[in-house]
Amino acid sequence: MIIQANDKVYMDPDMMENEMMMMDYDEPNKSLVNRKPSLPLTPEDEPLENNRSPHDLKHDTLIPPAKSSIQVLLVVSYMDTTFDSLKRASEKLGFDVTSCETGDALEEFQSKSHDLIFIDTRSPKLDYDTVCRSIRNTKGSQSVAIVAVTKKSDIEKDEIVIPSLLDSGFNRCLIETTNIVQWMNELIQLKHGEVRLLSQQATTQALFAALDKCRDIVIITDDNSRMQYVNSAAENCFGYRYEDLLGRTLTEQLAVDQLQIDIMTARLTRGRVWAGLLAMKRKTTESITVMCTGIPIICAAKVPTHYAFVIEPSTVSIDSAPRGSATTLKRNSIDVRSIGSDYTRRTSLAKLSALPLEAPITKVIHLIAQAQDSAGNNNQLIGLLDKVIETLRCTELYSPQMKADSRTASDEPVASDLIGALISSNQHLTNFASRRSSNDSSVYRVPSAKIPSSKMKMPTHVKDLLETGLSWDFDIIRLEELSNKRPLLYLGMHIMLHFDVPGTLNIEERVLYNFLVLVESKYHTDNSYHNSTHAADVMQAVAGYLERDRLKAIMDPLDEAVSLIAAACHDVDHPGRSSAFLSNCDNPLAILYNDITVLENHHAALTFKLALGDDRVNIFKNLDRDMYKTARQNIVDMILATEMTKHFEHLAKFVNVFSGKTSMVSEHEVSYMFSVFVTFSTYSKRT
């Protein structure tokens with residue numbers, strides 16, 4: 001936004017520092033570090049610092065129109081010694097003075113638009129109240145300072161004189177005097193006080209005029225989210241008139257999800273910029289989703305007093321009506337929109353998008369979406385861009401695939417065989433579409449629908465506690481105490497039997513028992529955090545998620561089994577030190593794994609080393625080769641995904657893949673979804 005006044009151009013800092021407004025402002029203002037200790041810097045010498053919060057920005061003040069001198073109007077019934085002294089003081093200061101009677105005051109003001117008006121309020125015959133109100137109701141009067149000249153006795157005797165004058169529209173009340181020097185001092189204060197401030201305030205109309213013509217939707221609220229300003233773009237978008245929105249809160253008129261508003265307000269209250277998807281509604285009750293940026297504004301003290309919300313029109317999308325229930329539960333025909341309500345999924349993804357992170361691929365998709373909006377009625381171009389976005393949302397963007405129209409097979413059979421072998425040899429790493437379901441005949445399932453009860457002996461109080469083993473509020477610390485620091489064994493057997501893991505893997509219960517005993521023995525009991533209690537807690541969180549109807553419809557028994565196994569083993573043999581620590585001290589594990597995801601690689605490798613090292617604990621021994629490769633790759637993927645430094649990368653990828661889904665969720669995407677499943681469970685529990 002550019003505003004020009006008096007041959008000077010003022011640029012809105014939001015244009016110059018657009019990137020800065022999307023940053024997090026937890027860091028202190030570093031511009032103070034390099035300042036000279038005792039020499040104040042002028043605005044021209046001030047170093048440019050882009051890491052400032054919105055309330056630290058220095059906005060140039062718009063300069064009022066230049067005038068040769070201050071225009072003063074004296075409204076009197078007759079020119080006595082008081083007003084004669086006032087006139088002579090004004091002339092000494094170089095002010096342009098005119099005088100008139102009360103009946104001519106309004107016409108005189110309209111002809112010259114004075115900066116300062118003195119009205120004689122000493123005589124009861126003078127209708128000063130009407131004169132002041134008539135001037136205030138005139139266009140352009142917001143920049144004029146009106147002063148009442150009163151008797152000292154009136155002010156001393158009646159305490160309501162000044163309040164009544166201020167209610168009439170006066171800015172100041174001055175006691176009569178014949179001292180020219182005293183009048184000069186009062187005039188100088190008025191010039192640098194009320195006159196200057198009112199002139200500057202009047203020039204802000206240029207900003208409001210610019211905002212009103214701006215294409216972006218702009219809404220300004222107070223700290224209680226009550227709207228105080230909306231521009232024309234907001235009126236057109238939401239279908240409300242200006243008067244319908246003023247004084248109403250966002251929740252009352254525009255917002256859909258109160259929780260979203262609370263999360264946004266909590267961030268703005270701390271003086272941070274908020275940016276993300278926001279679910280809103282129009283006057284027609286039509287729901288829309290917008291990309292909104294909230295900016296805290298501090299007008300006084302140190303706490304935000306107002307919030308400015310800016311919405312790009314190109315990001316406004318109309319939400320479609322929810323679809324019916326799924327007609328099938330086959331893996332290749334799962335429709336995410338049919339599982340639960342559209343709104344719940346959309347608001348959940350909006351909360352994820354509210355985080356201050358954005359991957360480059362997400363920026364590319366946003367740019368393509370903007371290009372679609374600019375394509376007009378070119379349906380062919382819009383269709384091609386849709387295909388581009390769908391391709392970019394793939395979980396494995398750089399995984400090679402054979403072209404559908406490739407002629408290599410017919411022209412170069414040797415090359416075709418070589419390429420096919422290279423792709424198929426890596427297919428278990430990137431392409432899960434060919435994996436077999438655990439419902440296939442190669443996996444033995446218990447014919448009875450009832451899951452067999454455990455033959456494992458356990459204390460009664462442990463057994464009673466495990467009755468709540470699938471509750472989110474399960475007390476894992478209590479189980480640690482009752483089980484003598486063996487919670488993984490007891491809780492693992494209870495949960496895995498509930499999900500019939502022995503039946504899915506076609507093994508005896510004793511093999512699963514031996515495996516859990518061995519895995520728990522490899523957890524270090526002297527670790528205060530990464531111990532078997534933490535592993536049991538994460539596994540219990542995974543089990544809680546697996547009980548949700550949405551995941552039951554997507555994940556088959558083998559997915560459930562490998563998720564629980566990965567959760568139980570995701571920190572096995574953790575040394576109590578981070579991967580960075582091991583790399584810095586040249587630990588053998590860091591050297592073995594080349595400083596890359598050191599601990600997670602170790603956890604995954606040790607899991608299979610323990611299982612394959614002894615037939616009595618080999619829980620994978622009865623799976624055929626294809627099923628074993630699928631189970632192994634999924635367990636490895638889930639354990640590697642628990643690396644803390646990769647958490648936000650996985651989160652950004654997850655939001656990018658699933659936030660814009662309008663079609664069926666593919667096998668490939670489902671496999672990616674549960675590859676980060678244990679990651680989210682790791683950070684969701686209290687241990």
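Guide: A cavity is a set of points, on a 1 Å grid over the protein atoms alone, where a 1.4 Å probe fits but cannot get out. Its volume is the space filled by probe spheres set on the points, which are joined across faces, edges and corners. This is a predicted model, in which local features need pLDDT of at least 70, side-chain atom pairs count only at pLDDT 80 or more, and totals for chains, interfaces and linings use all residues. Residues are numbered from 1 along each chain as its sequence is written, and side-chain values use heavy atoms, with hydrogens and water left out.

Visitor: How many cavities of 30 Å³ or more does the structure hold?

Guide: A search of the whole structure finds two.

Visitor: Which residues line the largest cavity, and which elements give two or more residues to the lining?

Guide: The lining, meaning residues with an atom within 4 Å of a point, consists of I219, L250, A255, I261, M264, L278, M280, C292, F309 and I311. Two or more residues come from each of α12 (258-269), β10 (274-281) and β12 (306-311); such helices (H or I, at least four residues) and strands (E, at least two) are DSSP runs, numbered from the N terminus.

Visitor: Why is strand β5 (residues 116-120) called largely enclosed?

Guide: Five of its five residues are buried, so the rest of the structure largely encloses β5. Buried means under 20% relative accessible area, exposed over 50%, and partly exposed in between (1.4 Å probe, protein chains only). In a regular strand, side chains alternate between the two faces of the sheet. In β5, L116, F118 and D120 lie on one side and I117 and I119 on the other, all of them buried.

Visitor: What makes β5 a partner of strand β6 (residues 145-150)?

Guide: Two strands pair if DSSP finds at least two bridges between them; β5 and β6 have five, in the parallel sense, and therefore qualify. I117 has I146 as its bridge partner in β6. Strand β3 (residues 71-75) also pairs with β5 in the parallel sense, over four bridges, and there L73 has I117 as its partner.

Visitor: Why is the aromatic pair of W472 and Y545 called tilted?

Guide: Rings of Phe, Tyr and Trp (its six-membered ring) pair if their centres lie within 6.5 Å; planes under 30 degrees apart are stacked, over 60 edge-to-face, and the rest tilted. The centres of W472 and Y545 are 5.7 Å apart and their planes 55 degrees, so the pair is tilted. W472 lies in the loop between α19 (460-466) and α20 (476-482) and Y545 in helix α24 (residues 532-546), so parts 73 residues apart in sequence are tied together. Both residues are partly exposed, W472 at 37% and Y545 at 22%.

Visitor: How do you know that the charged end of R632 sits over the ring of F608?

Guide: The charged end is 4.7 Å from the ring centre. The rule asks for NZ of Lys or CZ of Arg within 6 Å of the ring centre and within 35 degrees of the ring normal. R577 likewise sits over F581, at 5.5 Å.

Visitor: Why is D586 called exposed?

Guide: Its relative accessible area is 55%, so D586 counts as exposed. D586 belongs to the loop between α27 (579-584) and α28 (588-592).

Technical notes:
1 Å grid on protein atoms, 1.4 Å probe; cavity = no way out; pocket = protein on both sides within 12 Å on 5 of 7 lines; lining within 4 Å.
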